[in-house]
Amino acid sequence: MRTSRSSRTSRTSRAPRAPRSSVPSRLTALVTGAAALGALLTAAPAAHAADLPLRDLAAAKGKAMGTAVTGSKLTGTYGEIAGREFNWLTPGNAMKWGSVEPTRGNFNWTEADQIVDFAEAHGQEVRGHTLVWHSQNPSWLTNGTWTSAQLGQLLNDHIALEVGRYKGRLAAWDVVNEPFNEDGTYRQTLWYNGLGADYIAQALTAARAADPSAKLYINDYNVEGVNAKSTALYNLVRSLKERGVPIDGVGLQAHLILGQVPSTLQQNIQRFADLGVDVAITELDIRMQLPATAAKLAQQADEYKAVVAACVAVSRCTGVTVWGFTDSDSWIPDVFPGYGAATPYDENYAPKPAYGGIATALGGTTTPPPTGACTATYSVTNQWNTGFTGQVRIACSGASLSSWKVNWTYGAGQRISQAWNATCTQTDAAVSCANASWNGTVPDGGSVTFGFNASWSGSNPVPAVTLG
Ligand code: G3I
């Protein structure tokens, strides 16, 4: 998005960087629910979830693919998927005022720093979220009694401090979040009531001063289609542009409901683009009434595809961020009881049909993965001069196994010397690992892991695995 501040990998402008490698750092094999139910399968499954990680498919289209993340979860499978599939990260909560300054003058940057560090280590951009909002503010701020002058000073100081802290490291900021009511009037907030509507211009100006390279956004929900609220946002952006107030983009949150994707989404993106600002879909999820059924998940895949395709179709739409990539890290069930299954991965990190919908909108050639699936995921857990320890995790969701076999072919002369929790044989480069007597059963929602030690030299590329 802009040049990096440090000696880390230099960055290109606006469009996401090129794929780091055509080989994902970790590959997942998938067996369809229908095929996986029942006895041992010996045939290789049709395909892994997509030809390339979503971030690489998106990059090839000149788009970004992002997710909101929780910093404390960025290890294990969650961290691997977040690093492999996405090239934008948004802290779900870590950069909100209430998170970073819970008591006045006492700051906690731990999670925010962790996410930014993770992003830089994984060649990802960060969208800062969010500086000025009516929610998740510290109680000392919301309970205080402030004059307009004091409030303006608090706003300026907060922005200068937080934006300044990450100067040069963040691609974009959601400077102002959710300023409008549904009818297009301004939301009565601490900021509006104390400073009037110009708190928005003030915040944008302060953010530009604190980090001239970060793209500055106004972000809101229910502004995805053409309606009274999005038209109010449109008029605001037009007026800010006319006044010379720094505004670079509009964030359409896109917290959508199954069956209710606005038909005017692309038209709406285009009209903002025509004002001369970027547009990002910043918080996409598509919730459904539980239980999730195959039909609902298939419809959800189509709707994810339609939303991503609308962004792909407009050149100034910079990308799509999902608001959490797994149903285990989604805000929906807490806030909308009875609703859920809103993200592209299920609670066990198996890609849902929605994943395939996104992939195909980004030019992927594989069909969406079926609803029920068992997946095998290979990873290197430790590596030293000549050897490494690897593991394969077999997980089922909407399907089950009564026995299993995982096959792969090494591409760089690696040789397995010892395996546990599976019987592994290697002939030349071909490895085949079958379940032990005690762990052939993988129930729906369950997982089994086996490990091995192996030798390597030169390089240790991750092989594609197939689950049979
Ligand atoms: O951290 C505490 C934890 O200590 C406590 O045990 C737990 C008990 O409920 O609460 C935890 O805090 C929760 C926090 O998320 C972190 O998980 C809050 O209660 C909860 O209200 C908060 O919800 C967040 C919500 O914003 C607040 O409005 C969601 O995670 C977050 O995804 C959501 O994100 C917003 C965007 O910022 C703006 N657009 C809408 C979107 C969805 O509401």
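**Reading one model, feature by feature**

Modeller: Let's start with Glu283, which sits in strand β9 (residues 278-289). Helices (H or I, at least four residues) and strands (E, at least two) are DSSP runs, numbered from the N terminus. This is a predicted model, where local features need pLDDT of at least 70 and side-chain atom pairs count only at pLDDT 80 or more, while totals for chains, interfaces and linings use all residues. Residues are numbered from 1 along each chain as its sequence is written, and side-chain values use heavy atoms, with hydrogens and water left out.

Colleague: What does the UniProt annotation say about Glu283?

Modeller: The unreviewed UniProt entry annotates Glu283 as "active site". UniProt positions are given in the numbering used here, feature names are shortened, and annotations may be inferred rather than shown by experiment.

Colleague: Is Glu283 buried or exposed?

Modeller: Buried means under 20% relative accessible area, exposed over 50%, and partly exposed in between (1.4 Å probe, protein chains only). Glu283 has 4% relative accessibility, so it counts as buried.

Colleague: Which residues is Glu283 in contact with, leaving aside its neighbours within four places in sequence?

Modeller: Contact means heavy atoms within 4.5 Å. With those neighbours left aside, the partners of Glu283 include His129, Asn219, His255 and Trp323.

Colleague: How do I describe the way helices α7 and α9 meet?

Modeller: Axes are lines fitted to C-alpha atoms, for helices over the stretch in contact, and angles run from 0 to 180 degrees between N-to-C directions. Here the axes of α7 (residues 148-165) and α9 (residues 199-210) come within 9 Å and cross at roughly 35°. Among the residues making the contact are Leu155 and Ile159 of α7, and Tyr199 and Ala203 of α9. By class, this contact has nine nonpolar, four polar and no charged residues. Ala, Val, Leu, Ile, Met, Phe, Trp, Tyr, Cys and Pro count as nonpolar, Asp, Glu, Lys and Arg as charged, and the others, Gly among them, as polar.

Colleague: Why is helix α3 described as largely enclosed by the rest of the structure?

Modeller: Seven of the 10 residues of α3 (residues 76-85) are buried, so this helix is largely enclosed. Its buried residues include Tyr78, Ile81, Arg84 and Glu85.

Colleague: And for the chain, how many helices and strands are there?

Modeller: There are 14 helices and 19 strands. Of the 468 residues in the chain, 54% are buried. Taking contacts between residues at least 6 apart in sequence, 76% join residues at least 24 apart.
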